[in-house]
Amino acid sequence: MAIISKYAVALLACSVFASTHGFTPATSQLTVANKSAATTSTQLYIIGPMIRKMREDKEAKSMPMANPDEAKVEAPGLRVGANAWKWPPVWPYDSNFFKRKSEMTGKDNANPMMNMMNPMEAMEKKDLDEVDENNFDSLKWWEENKEVTTDLDERVVAKISAHYSFYLRDGMSVLELGAAENSYLPEGLKLNKHVGVGAVKSQMEANPSITESFVADLNDVVDDEGVKCEELANLGRDTFDVVIMANTIDFLNNPREVFKSSWRALKPGGMMI
């Protein structure tokens, strides 16, 4: 009997709704629809950021975190500590992050409508783009300015050397990217092999630690593959215990590809500093 009563109430509600709204004039229906749409938009505007924040918090909790045991084996002074974000689960930068402003707003990305409205400005911009800095030849610049040294502050050198001393051991094979006349290695360290990859051959030849070297442009890459350099590829896979790169990463336009080449060169369990 209770079930029948519930159905009866439901049918009555449907009947009342049909009688009041079923034959509502079209203009009234549109008004109701517009109000509903406006309310929905407002709700999405308010709720959207909340949902996004909840999703980000959930993703953050699932990231790999350093544990106390891992923190203990890190170099003093650069220790991230326990419960710190250990590494990004995916590459955290988009393709524009390492581009110059002129690369993102150059002629290839210009708004054609704006060019039509301001033809003179578009022509001037085209002239600038054709001579733009994106065509900068770093190897040519370094060859013409080989007397420029890469001296660092003594305190910085001491910090780098101390950091290296925590990880590097005698007999290791090391690949150095961005090599020059000084590698800032700990005094007395005896490596089995130290290959330098840099911009100026004469600078690397002046480095007493480097056993062999060659010139390569670390910004000349193949997307999603690595540095475009046959000599670097010929070093082989799983070759080096450690890859070091000091005072260089901030000059890279495509660091991900450089990391890919480093990954291939490293032995299993190797590290990059």
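The protein exposes about 19400 Å², of which carbon and sulfur atoms supply 58%; accessible areas come from the Shrake-Rupley method with a 1.4 Å probe, and for residues only the protein chains shown count as cover. The model is predicted, so that local features need pLDDT of at least 70 and side-chain atom pairs count only at pLDDT 80 or more, while totals for chains, interfaces and linings use all residues. Residues are numbered from 1 along each chain as its sequence is written, and side-chain values use heavy atoms, with hydrogens and water left out.

Of the 273 residues, 25% count as buried (under 20% relative accessible area; exposed is over 50% and partly exposed in between, with a 1.4 Å probe and protein chains only). The protein has eleven helices and seven strands; these are DSSP runs numbered from the N terminus, with H or I and at least four residues for helices, and E and at least two residues for strands. Among contacts between residues at least 6 apart in sequence, 53% join residues at least 24 apart, a contact being heavy atoms within 4.5 Å.

Helix α11 spans residues 255–265, and its buried residues are Pro255, Glu257, Val258, Ser261, Ser262 and Ala265. Seen down the axis of α11, these residues fall within an arc of 165°, so they line one face of the helix; the arc is that of the directions from the helix axis to the C-beta atoms. An α-helix has 3.6 residues a turn, so residues three or four places apart point the same way. The buried residues of α11 pack against the strands β1 (173–179), β4 (221–222), β5 (226–227), β6 (240–244) and β7 (266–272), and against α10 (230–233).

Glu176 is found in strand β1. Glu176 is buried yet has no salt bridge, and the nearest side chain of opposite charge, that of Lys201, is 13 Å away. In this count Lys and Arg are positive and Asp and Glu negative, with His and the chain ends not counted; a salt bridge is a side-chain nitrogen of Lys or Arg within 4 Å of a carboxyl oxygen of Asp or Glu. The side chains of Glu176 and Ser183 are joined by a polar contact of 2.5 Å (a pair of N or O atoms within 3.5 Å; within protein, one must be able to donate a hydrogen and the other to accept it, and residues adjacent in sequence count only if both atoms are side-chain atoms). Leaving aside neighbours within four places in sequence, the contacts of Glu176 include His194, Val197, Asn207 and Ile244.

The structure holds two salt bridges. One is between the side chains of Arg155 and Asp153, at 3.0 Å from N to O. Arg155 is exposed, at 65% relative accessible area, and Asp153 is partly exposed, at 37%. Lys267 forms a salt bridge with Asp241, with the closest N and O atoms 3.3 Å apart. Lys267 lies in strand β7 and Asp241 in strand β6, so the pair ties together parts that are 26 residues apart in sequence. Lys267 is partly exposed at 31% relative accessibility, as is Asp241 at 22%.

Leu185 lies in the loop between β1 and β2 (193–198) and counts as buried, at 18% relative accessibility. Beyond neighbours within four places in sequence, Leu185 is in contact with Ser161, Tyr164, Leu168, Leu191, His194, Ser209 and Ile244.
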